[in-house]
Amino acid sequence: MSITADIIIHNACVLTMDDAMPKAQAIALAGNRILAVGTDAEIMTHCAPATRMIDAGGASVLPGFNEAHMHIFGGSVGLSQLSLMGVKGFDALKDAIHAYADQNPDKPLLEGLYADYTILSDNERVTRHHLDAIIPDRPFVMMAPDRHTAWANTAALEKAGILHGRDVGVGNEIVMGEDSLANGELRESNAMRPVASMSVTGGREGLGVGTGGDPEHITPEERAADIAVLKKGLAYCASQGITSIQNMDGSLYQLEMLQEIEDTEGLPVRVRMPYHMKNFMPLSDLADKAALWRARFNSDKLRCNFVKMFVDGVTEGETAVFVDDYSHKPGWKGEPLFSAEHFNAIAVEADRLGLPITVHAIGDGAVRMVLDGYEAAINTNGRRDSRNRVEHIEVVHPDDVPRFAKLGTVASMQPTHPPGSAGLPLEPYLTYIGEDRWQYAFAWKLLVDAGATIVFATDWPVSPLPPLSCITDAMIRAPWRDDMPDHRLTLAQTLAAYTRTSAWVEFMEDRKGLLKAGYYADIVMLSGDIEMRPVAEIVNLSPVVTICDGRITYEAR
């Protein structure tokens, strides 16, 4: 007698991501596991009166999307902040800010997101004076899409106590004007935090991202409000077909809130988080804290089992680190957040403790520095299956391309980030890196063809979260010049980078990332057949049902 299924999805185009059986018609779920995958007739043998039957109508069914790089707290908070995506010109910016201010009369700090570096024009950078002309009487700040640069008005700078500047440490800057006062531009987290701390959340969503630690004093009311914000963001993830997130905020505060959600009602997505190792921390923190976090949070729903680091900033803010000079600024290559010796020591110790490492590295100089550190770990400790990662890799030096495969280093990249994609402007990025580096920028296919393993994600809220939009951006990306290489991957490669490979990089390839009997019931059903859609129209598909751990976490009305 066959085992009864709790849920059966039939009449589907099942893309299993399993090389042994790439496609099927139906799938049966029992408890939190996949019971069987096969033809409609085969799967119907598991049907019983209590089985929930879902007719896919010929639509695609996939392993749930695995968002391999995102920031859940910041993204969740951003759902209620002003989006400036697509806003261009002073008048449009003014209208958007005024409308948002009118809708939020009591917010202590008005915050905008996705403000392009060229939001005013292609050659005029925002200052506090522009913002003062729009909203002089209430603190206002807006962030660039990359969240590494922000612009604040005078009211915000004064209230934050940084109008006259402040030492904010290596790699961070409060840009000063000719009048010896801050001009409004804030580069990197240390510079932005004094303003962000005036927000409704006290800026707590950014504490696990930059150099700050966890909040010291939290009232029960503040914690309850933060949990409510997180629940909203997690539900949004589920609505996008996501069943796993790799949250890059190294925050014990977030881990404890997520654990409370799991203990009380169950997380709607699986969460993996790192310990964030910063340049002022002692090396002993890896054994004394990171390893303890790993032991404390070690379930398949919530895990903390790797180390996150930043070694540089972003190109547009001139804080990324390059091998050669910035094209527009001779003599400036950027300044790394760690010395090579310091980074190597951390890489060696983390590897000794069995902690995988993932590092934000934008410029080719930063990427090389990270690869050097991983090589030092191998030379010191011996080769192991570490699955270390480099995040973003906006530019890679050609000499370093083969080193990814040689060192077993994963390329974690974001198809929404290339200038010209996802509504992003081409400038100032293309000018800053210079034409000689264009062919090595966001070079997904170059790395994959050289044997590198790749995972895709959005870096939400740096970019919009929907995976189907990100997949579309990956598939329609156009070269910046006719003689430039085409870095697009196939649809199968792109989907794998969002499912199977993202599970592999978590060391969970034996139980998720595939639709296969015995694996976790983490599934997304789409509104149509993704393989039959023109690539430019994939974005028009939407998740219809999301299932995580056998539980329906989202169902379209």
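Student: Which residues touch the most other members of the largest nonpolar core?

Tutor: In soluble globular proteins, nonpolar side chains tend to be buried together. A nonpolar core is a set of buried Ala, Val, Leu, Ile, Met, Phe, Trp, Tyr and Cys residues joined through side-chain atoms within 4.5 Å; buried means under 20% relative accessible area (1.4 Å probe, protein chains only). Here the largest core has 141 residues, of which I9, V195 and F404 touch the most other members. Helix α11 (residues 364–381) gives the most to this core, with seven residues. Helices are DSSP runs of H or I, at least four residues, numbered from the N terminus. The model is predicted: local features need pLDDT of at least 70, side-chain atom pairs count only at pLDDT 80 or more, and totals for chains, interfaces and linings use all residues. Residues are numbered from 1 along each chain as its sequence is written, and side-chain values use heavy atoms, without hydrogens and water.

Student: What does I9 touch, not counting residues up to four places away in sequence?

Tutor: Contact means heavy atoms within 4.5 Å. For I9, the partners include I27, I54, V61, I523 and I547.

Student: Is A196 buried or exposed?

Tutor: A196 is buried, with a relative accessible area of 18%. This residue is found in helix α6 (residues 189–196). Leaving aside neighbours within four places in sequence, A196 is in contact with L109, G202 and G203.

Student: How far apart in space are A196 and A287?

Tutor: From C-alpha to C-alpha they are 32 Å apart, with a separation of 91 residues in sequence.

Notes. Helices (H or I, at least four residues) and strands (E, at least two) are DSSP runs, numbered from the N terminus. Buried means under 20% relative accessible area, exposed over 50%, partly exposed in between (1.4 Å probe, protein chains only).
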